[in-house]
Amino acid sequence: MFCHGFRKVLNYIDGRWVSSVSNQFVPIVNPANGECIGEVTISNEQDVEQAVLAAKRAQKAWALVPAPKRAEVLYKVGMLLQERKEQMARLLTMEMGKVIEEARGEVQEGIDMAFYMAGEGRRLFGDTTPSELPNKFAMSVRAPIGVVGLITPWNLVHHQNMYLNFKDKHDNNVAQRDVWY
């Protein structure tokens, strides 16, 4: 079953919506009534490689953006999610048969996470601790570690993606490491 004339969901890679290298699609079927509501591209290893390379290039510039500015981006995303909450909840319901109230709650969790992580942009602190060694200064530094891939469960797709993505975007995929001087 294919949904000719319906929306095709593509991959977002390197700032563009693109079909998979496979150029194959699978229908998105509303489990409540069997209606085809769209088609999604079938991605493969080459698509993942392209996405990872694009993400690595983008991450270099994103790492230079101060945390409060990254937080402003997350706040804007939260506002957009809030404006489109009902539309997104209905889409979740049509796509996976989720009860509409549960779908609204899932979208709201994404909105809440966007605003929460935006607030954390001004609280991205490091720690300074006393050294056990004489004449040494010890501190923790947050530094970018690079691209992170996410595989999330199908039934909490919005919530999981929002939580993991917002946390990573805010923290800039950071790991804490000790620095000794």
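Here is a short exchange about the helices and the sheet of this predicted model.

Me: Happy to start with the overview: what makes up the protein chain, and in which order do the elements run?
Reply: The protein chain has five helices and eight strands. From the N terminus on, they run β-β-β-β-β-α-α-α-α-β-β-α-β. Of the 181 residues, 28% are buried.

Me: Why are α2 and α4 called roughly antiparallel to each other?
Reply: Helix α2 (residues 67–83) and helix α4 (residues 100–120) pack at an angle of about 160°. Angles over 145 degrees count as roughly antiparallel, and therefore α2 and α4 get that description. Their axes are 8 Å apart, and α2 passes α4 in a left-handed crossing.

Me: How do you know that the span of α2 is close to the expected one?
Reply: With 17 residues, α2 reaches 25 Å from its first C-alpha to its last, and 24 Å is expected at 1.5 Å a residue.

Me: What makes the buried residues of α2 line one face of the helix?
Reply: Those residues are Ala67, Arg70, Ala71, Leu74, Gly78 and Leu81. Seen down the axis of α2, they fall within an arc of 100°, so they line one face. Lys76 and Glu83, on the other side of α2, are exposed, where exposed means over 50% relative accessible area.

Me: Nice. Which residues of α3 are buried, and how do you know on which side they lie?
Reply: Ala89, Leu92 and Met96 are the buried residues of α3. They cover an arc of only 60° around the axis, which puts them on the same side of α3. As for its span, α3 (residues 85–96) has 12 residues and reaches 17 Å, close to the 16 Å expected. Gly97 follows α3 and has a positive phi, near 75°.

Me: Turning to the sheet, why are β1 and β4 said to stand at the edges?
Reply: The open sheet of three strands has the order β1-β5-β4, with mixed pairing. β1 (8–9) and β4 (25–29) each have a single partner strand, so one side of each is left without a neighbour in the sheet.

Me: And how do you know that β1 pairs with β5?
Reply: Pairing needs at least two bridges, and two bridges join β1 to strand β5 (residues 36–41), so β1 and β5 count as paired. The two strands run parallel, and Lys8 stands opposite Glu39 in β5.

Key:
Residues are numbered from 1 along each chain as its sequence is written. This is a predicted model: local features need pLDDT of at least 70, side-chain atom pairs count only at pLDDT 80 or more; totals for chains, interfaces and linings use all residues. Side-chain values use heavy atoms; hydrogens and water are left out. Helices (H or I, at least four residues) and strands (E, at least two) are DSSP runs, numbered from the N terminus. The expected span of a helix is 1.5 Å times one less than its number of residues. Buried means under 20% relative accessible area, exposed over 50%, partly exposed in between (1.4 Å probe, protein chains only). The arc is that of the directions from the helix axis to the C-beta atoms. Axes are lines fitted to C-alpha atoms, for helices over the stretch in contact, and angles run from 0 to 180 degrees between N-to-C directions. Angles under 35 degrees count as roughly parallel, over 145 as roughly antiparallel, 65 to 115 as roughly perpendicular and the rest as oblique. A crossing is left-handed if the near helix is turned anticlockwise from the far one by less than a right angle, and right-handed if clockwise.
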